[in-house]
Amino acid sequence: MATTATPSVAAATSAALGDSGRAKAFHWITSGVTIFGLAVLLKAHPPREDAAEIAAWVLACLLADLMYVRIGRSITLSMSLPVVLAAALLHSPAVTALIALLGSLDPREIQGKSSVERILFNRSQVAISAATASLAMHAIAPGASDWPLVVVACAVGLIADSFVNVALVVTSTVLSGRAQWMEIIVGLWGSEPAASLGLYLSACIIAPLLALIYRDWGPWALLAGTAVLLPIRVALSRIQALGVSGEIIKIKDAEIASANESALDERRDERLTLAGDLHDEVLPALFKVHLMGEVLKQDLACGRLLDLDEDLPELLEATTSAQQAVRRVVGDLRSSRMAIRDVARAIRGHADQLESEGGPRIELSLCDVECTDRARLVIVQVAREALVNSSRYSSARRIQLSLRRQSASLAELRISDDGRGFDPDDVDKGKHFGLQLVTERVSAVGGKLSVSSSPGSGTTITARIPLQP
């Protein structure tokens, strides 16, 4: 949408996407009413200026519009606003509108990317904005030519032009269904709103200078005077480039921060995994070695040498189990357990192993859950820890484990046994790490763990784990 606001937002809605039927109807109606109304006004009040004077202003607008600055993919800032405001100072609203209609230029017109309907609307809405600015300037400060009244008049025209221009821009874009009105208004100011506003307000100073140049030195001087807009165009281009660079830097910083946070999360997961493996596999095996060592010690102290033949093989077996456990942990560190694909299969494998070792009967009720690798790992770790504790230390005869989707975003893992139970508040966290490790694992993925147990009443552990981060 061609516009003279900010300093001129040309083609904000002339993106490559097509317009909706409502937007096209609005464009044709706006263009038709503008052109017809302008023709009626010019016929009723013929301009005092000759064709050469009007042509000079039109050419000055075209030259200024060639100095556009692109913001994003669908908005361009053109530099014709000071020229239009200068014309509004010296000419009637009808003549100002005619100059804006003929002199506004959308870069997409040159590239052949704009339809006739879009071209007419762009030019018509610029003409309406320019006529409104001229009306406001002549109403508030008629014949203003002295400093600083002329600047006040330009400021009033600037506000009027901006209001009408943005209203038409927003209406067109909203009707086309491309964006909400607040997004459009924010986008009109580019990546550096404060700097854009400062340059925009500079039109109140440049417009009187152009009007003075034209009045004192004529049309050719006006055309040469448009060169003063070139440094502003360069400054605006660099401001927008700096703004874009700043946004890119922010994105890169966010990516680096995210990568660092991800690395920290991975290290924490690895530590929790290693601590869990040491607790679940290595410590029980080492405890059995220690226990059998104490048994042999008692055999020797009491002179039960014949018992050594029975107890020594058990010590050797416990030592072998401890070595195998350490090897498994080391192997897992090298191959990483972070990629568990089938949760149900992994849990079933742990349950079968415990039952084969003489543990209690384990009843499984498992469903497939689609979740992240971290969530799958935590589910398996919690299930393994709870099954090991119930099987080896609770004197339970039956263990029940269920895994189900509690909701679309939450999985529930529940393990219960009929063992002797315990008081969770009496657990010495300095010596027994199992429950603490499980709680930390579940919390690490945003889940919650609850333990229900009391002496003689069995134990129930419930973990609710998000399926997605």
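Isoleucine 362 sits in strand β4, which spans residues 361-366. The model is predicted. Two packed helices are described by the angle between their axes and the distance between the axes.

**Isoleucine 362**
- Isoleucine 362 has a relative accessibility of 10%, so it counts as buried, the cut-off being under 20%.
- Setting aside neighbours within four places in sequence, isoleucine 362 is in contact with Ala351, Leu354, Glu355, Leu387 and Ile399.
- Aspartate 417 lies 55 residues away from isoleucine 362 in sequence. In space, their C-alpha atoms are 9.1 Å apart.

**Helices α7 and α10**
- Helix α7 covers residues 149-176, and helix α10 covers residues 203-217.
- Their axes are 9 Å apart, and the packing angle is about 120°.
- The two helices, α7 and α10, are therefore oblique to each other.
- The crossing of α7 and α10 is right-handed.
- From α7, Val150, Val151, Cys154, Ala155 and Leu158 meet Cys204, Ile205, Ala207 and Pro208 of α10.
- By class, this contact of α7 with α10 has nine nonpolar residues, no polar ones and no charged ones.

**Helices α2 and α3**
- Helix α2 (residues 51-65) and helix α3 (residues 81-90) cross at roughly 160°, and their axes come within 9 Å.
- That angle makes α2 roughly antiparallel to α3, since angles over 145 degrees count as such.
- On the α2 side, the contact is made by Trp57, Ala60, Cys61 and Ala64. On the α3 side, Val83, Val84, Ala86, Ala87 and Leu90 take part.
- The contact of α2 with α3 has nine nonpolar residues, with no polar and no charged residues.

Conventions: Residues numbered from 1 in each chain as written. Predicted model: local features only at pLDDT ≥ 70, side-chain atom pairs only at ≥ 80, totals over all residues. Heavy atoms only, no water. Axes fitted to C-alpha atoms, helices over the stretch in contact; angles between N-to-C directions. Helix = DSSP H or I, 4+ residues; strand = E, 2+ residues; numbered from the N terminus. Parallel < 35°, antiparallel > 145°, perpendicular 65-115°, else oblique. Left-handed = near helix turned anticlockwise from the far one by under 90°. Contact = heavy atoms within 4.5 Å. Nonpolar A, V, L, I, M, F, W, Y, C, P; charged D, E, K, R; others polar. Buried < 20%, exposed > 50% of the residue type's maximum accessible area, 1.4 Å probe, protein only.
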